[in-house]
Amino acid sequence: MDISRNTVDKISKSVVNFHNKLLQFRKCQILRDHAVITEDLWVRNGKIVDPEKVFFDEKITADVQIDCKGALVAPGFIDLQINGGFGIDFSYNNHDVEAGVQKVAKGLLAHGVTAFCPTLVTSPPYVYLKVLPLLKIRPGGPEGAAILGAHLEGPFINVNKKGAHPAQYIQDMDRGLDSLQDVYGSIENVRIVTLAPELNNAVDIIEELTKRGITVSLGHSLADLSEGERGIQHGATLITHLFNAMPAFHHRDPGLVGLLGSDLINDGHSVFYGIISDGIHTHPAALRIAHSTHPDGLVLVTDAISALGLEEGTHQLGQLAIEVKGGRALVAGTETLCGSIANMNQCIQFFMKAVSCSVVTALEAATLHPAQAVGIHDRKGTLSFGADADFVFLGEDLKVWSTWIAGECVYQDTESPHPTLRLI
Ligand code: ZN
């Protein structure tokens with residue numbers, strides 16, 4: 001029996017009903033093991049399964065076949081730094097946090113994002129105490145992309161590299177972990193903390209946070225290379241929006257940018273770096289330099305603000321009013337850039353063109369690498385057997401056709417080819 005489905009609702013409903021069934025995605029190419037291969041994708045109970053095992057061990061075949069209409073199937077995109085979108089700023093719109101997060105999580109599905117870290121910029125302590133407990137880690141689904149935990153960007157940063165962070169709320173860490181606890185309260189829902197490694201007590205705090213499974217990212221900083229390396233040696237694994245809010249590369253004092261060429265990488269230390277490839281924050285030549293120096297560490301982040309998905313005009317980033325004009329977001333009345341209005345799909349497309357890289361390279365920078373940077377690559381950012389069945393169907397120029405979470409279609413672009421289901 002062939003069933004043509006024309007709406008995402010119908011597709012979703014069908015697949016939900018088949019949740020414990022074996023789904024075979026056909027007529028597609030898939031991104032697996034650093035290559036695009038022509039192979040079917042098999043899914044059951046929200047996970048990617050090894051079909052050979054099913055055939056041999058269970059002697060069963062597919063319950064449902066899904067004709068992907070020639071789509072490239074890639075892991076769902078993961079955004080580790082996003083301040084909001086669709087009119088919501090996570091740090092500022094704190095009257096109904098859950099509704100705001102919900103709105104963004106849902107909106108991101110159209111851009112192929114299946115998991116993200118809601119990001120709070122430097123804010124007064126009451127914001128953390130109110131908002132953080134509500135940014136609960138949760139799986140994704142039709143209601144929105146998964147929440148991996150919050151990214152706390154500040155307030156423990158260098159006031160001289162504050163970027164769009166309000167100076168009056170920037171804090172020191174003189175009392176060690178107590179300084180963090182006073183500001184953040186519980187760190188239960190935290191996935192990433194961006195801090196400046198040159199601050200007093202940074203080394204101890206990096207160790208403490210890392211011990212608790214939190215990724216420490218170095219940024220908004222004046223650190224020289226040795227201060228950055230000390231941070232990496234003590235557990236930090238990420239750099240926040242490379243090139244932005246840190247000293248420009250200098251050949252005798254390369255600063256945090258120099259970490260991309262550090263001996264520590266050859267010694268086996270992980271160094272990932274977020275980079276905003278929106279065509280505004282990072283020049284294509286700088287993208288090429290970063291990529292050719294350390295391709296395996298490159299993580300695309302949008303650093304998107306509330307204006308993502310909205311018209312130009314006045315919007316909000318944390319405590320600051322911002323103006324969006326000519327595709328740039330600036331602190332109102334200044335020329336200070338403050339986050340992007342590009343979505344992840346656009347960042348991937350821009351990156352691929354700027355660097356002239358392969359589709360695999362571009363996609364892994366938004367899938368595998370962010371998953372590795374926060375230590376979830378056993379289940380996300382990959383289409384390996386056993387991973388979560390979170391993926392995107394992509395067409396020409398990597399346009400998002402549809403988005404799937406746990407094997408369920410959660411977004412379908414109305415203009416793009418719709419998959420066809422066939423019950424066996
Ligand atoms: Zn920043």
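Modeller: Donors are the N, O and S atoms within 2.8 Å of the metal (3.2 Å for Na, K and Ca), and since water is not among the atoms, sites may look incomplete. This is a predicted model, in which local features need pLDDT of at least 70 and side-chain atom pairs count only at pLDDT 80 or more, while totals for chains, interfaces and linings use all residues. Residues are numbered from 1 along each chain as its sequence is written, and side-chain values use heavy atoms, with hydrogens and water left out.

Biologist: How are the donor residues of the zinc ion spaced in sequence?

Modeller: The protein donors are Glu-153 through OE, His-220 through NE2 and His-241 through NE2, lying 1.9 to 2.2 Å from the zinc ion. Written along the sequence, their spacing is E-x66-H-x20-H.

Biologist: How many residues apart in sequence are the parts that Glu-153 and His-220 tie together?

Modeller: Helices (H or I, at least four residues) and strands (E, at least two) are DSSP runs, numbered from the N terminus. Glu-153 lies in strand S14 (residues 150-153), whereas His-220 lies in the loop between strand S16 (215-218) and helix H7 (225-233), so the parts that this pair ties together are apart in sequence by 67 residues.

Biologist: Is His-220 buried or exposed?

Modeller: Buried means under 20% relative accessible area, exposed over 50%, and partly exposed in between (1.4 Å probe, protein chains only). Glu-153 has a relative accessible area of 2% and is buried. For His-220 the relative accessible area is 3%, so this residue is buried.
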